[in-house]
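User: Please take a close look at how the two chains of this model meet. I would like one connected account of that part.

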2 protein chains.
Amino acid sequence: METIQQTERTRVRRLPDRGHYERDVINAILDEALVCHVGFVADGQPYVIPTAFGRVDDRLYLHGSAASRTLRSLASGIPVCVTVSLIDGLVLARSAFHHSINYRSVVVLGTAQAVVDREERLAALEAISEHIVPGRWREVRPPNDQELKATAVLRLLLSEASAKIRTGPPLDDAADLTQPCWAGVIPLRLVAGEPVADPKLAADIQPATSVVGYARRRAPIAW
Amino acid sequence: METIQQTERTRVRRLPDRGHYERDVINAILDEALVCHVGFVADGQPYVIPTAFGRVDDRLYLHGSAASRTLRSLASGIPVCVTVSLIDGLVLARSAFHHSINYRSVVVLGTAQAVVDREERLAALEAISEHIVPGRWREVRPPNDQELKATAVLRLLLSEASAKIRTGPPLDDAADLTQPCWAGVIPLRLVAGEPVADPKLAADIQPATSVVGYARRRAPIAW
């Protein structure tokens, strides 16, 4: 399995057994996550902004308003960190100390670049749309020239990245196993409710294929 | 209603109608979010790390291993950004361009400080535990001296913070309203599954009060 080269910056030092560097593992976490948190520095202050994203092969795409301060900062070629996290469960131990969270996270480091080629811009926007609602892109009106002009698209190569994963039950001290206290995992997942139609929707229009039974794809979890 | 003073760094510039500065609004989002994403800078590179947190009044608490590079960096008094985001729904418009996400997010800027007072450290750890699983703290063995020594606790004042919220249906261009395409919102929420007992749990122990019917508290949402 292809792995991404560890660097001093991406190697998981605390609890190194939780670190993963296989490209397939990293991609699966990225593809399941709905949004990412983008970190960048302006005037010495770090900022962390949640935003949508998409992936094509080893390229991660971000987008936003061309007028956005965040997008313009990022497009100027500054270092960036893109983090995604999936919360799979709450780990309840018998001691306060050993409580934990089952999660899968990915940290990507690098420098984002503005995408200027029209075809790559359209492919990136399609990837972001399909990342969030698969099948939606071909149901809707595509971007026109004015909308494309108003949209900034950024590319970040997945060349320096690592995943961190915790699964399984609590790891209590042996002396605590006799505590008369329930211990285990509360599984958590993001689920979709019934679609809520736009009040302006014509009465005869049924939910689109992309909407019916919407669910995030999900890797099998070892509790 | 008390508001937090806007600064040039926290004022929401893009779509300013989405910006909120009331302390109650910010606190409610913080309290509902399960984890935060902490941004900091090391050697010019921003890092964004997901982690648990808790809140007591206008103090946000983080914790982690005293051996953690992240915690030691943060405790050295560097600028930090703590962001939480709640994804409430996917906003499906008739055009690709007007797709959006309904969300509630909070960005907190400041400088974290190591908490050294034993009573405040215990109160902070209790707040973090109660933030994630209300009622759990009094069900389990509290931290002992060795565990307390191994745990770093950080305090970040909620003095420079803002919220950003999007709710409601898609906002399509008038010309697109006749598109024969479903439009609306797919609501999303984080839900708990059936608790999974630790394989080491004695057979006669029932799920604790904190575990039965676990659910994140949730603000009413206007779709």
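Analyst: A rotation of 180° with 0.0 Å of shift along its axis brings chain B onto chain A, with an RMSD of 0.0 Å. This is the relation of a two-fold axis. The residue of chain B that comes closest to the rotation axis is B:Leu190, with its C-alpha at 2.1 Å. The model is predicted, and the predictor gives the complex an ipTM of 0.95 and a pTM of 0.96. For chain A the mean pLDDT is 95, and 98% of its residues reach 70 or more.

The contact itself takes 83 residues from chain A and 83 residues from chain B. On the side of chain B that touches chain A, at least two residues each come from strands S2 (36–42), S3 (45–51), S6 (79–92), S7 (100–111), S11 (184–192) and S12 (196–197), and from helix H3 (118–132). S11(B) gives the most to this side, with nine residues. By residue type, the side of chain B that touches chain A divides into 54 nonpolar, 16 polar and 13 charged residues. Of the interface residues of chain B, 100% are also interface residues in chain A, so the copies meet through the same surface.

Strand S11 also carries pairing between the chains. S11 of chain A (residues 184–192) and S11(B) pair in the antiparallel sense over five bridges. In one of these pairings, A:Ala192 has B:Leu188 in S11(B) as its bridge partner. Strands of a sheet pair through backbone hydrogen bonds, either parallel or antiparallel.

In helix H1 of chain B (residues 23–32), the buried residues are B:Ile26, B:Ile29 and B:Leu30. These cover an arc of only 100° around the axis, which puts them on the same side of H1(B). An α-helix has 3.6 residues a turn, so residues three or four places apart point the same way. The buried residues of H1(B) pack against S4 (54–56), S6, S7 and S10 (161–166) of chain B.

S4(A) is joined to S5 of chain A (residues 59–65) by three bridges, and the two run antiparallel. Across this pairing, A:Arg55 stands opposite A:Leu60 in S5(A).

Definitions and conventions:
Residues are numbered from 1 along each chain as its sequence is written. Chains are lettered from A and ligands numbered from 1 in the order in which they are written. This is a predicted model: local features need pLDDT of at least 70, side-chain atom pairs count only at pLDDT 80 or more; totals for chains, interfaces and linings use all residues. pLDDT is the predictor's confidence in each residue, from 0 to 100. Two residues are in contact if their C-beta atoms, placed from the backbone, lie within 7 Å. Helices (H or I, at least four residues) and strands (E, at least two) are DSSP runs, numbered from the N terminus. Ala, Val, Leu, Ile, Met, Phe, Trp, Tyr, Cys and Pro count as nonpolar, Asp, Glu, Lys and Arg as charged, and the others, Gly among them, as polar. Two strands pair if DSSP finds at least two bridges between them. A residue is buried if 20 or more other C-beta atoms lie within 10 Å of its own, exposed if 12 or fewer, and partly exposed in between; C-beta atoms are placed from the backbone. The arc is that of the directions from the helix axis to the C-beta atoms. Copies are superposed by least squares on the C-alpha atoms of residues with pLDDT of at least 70 in both.
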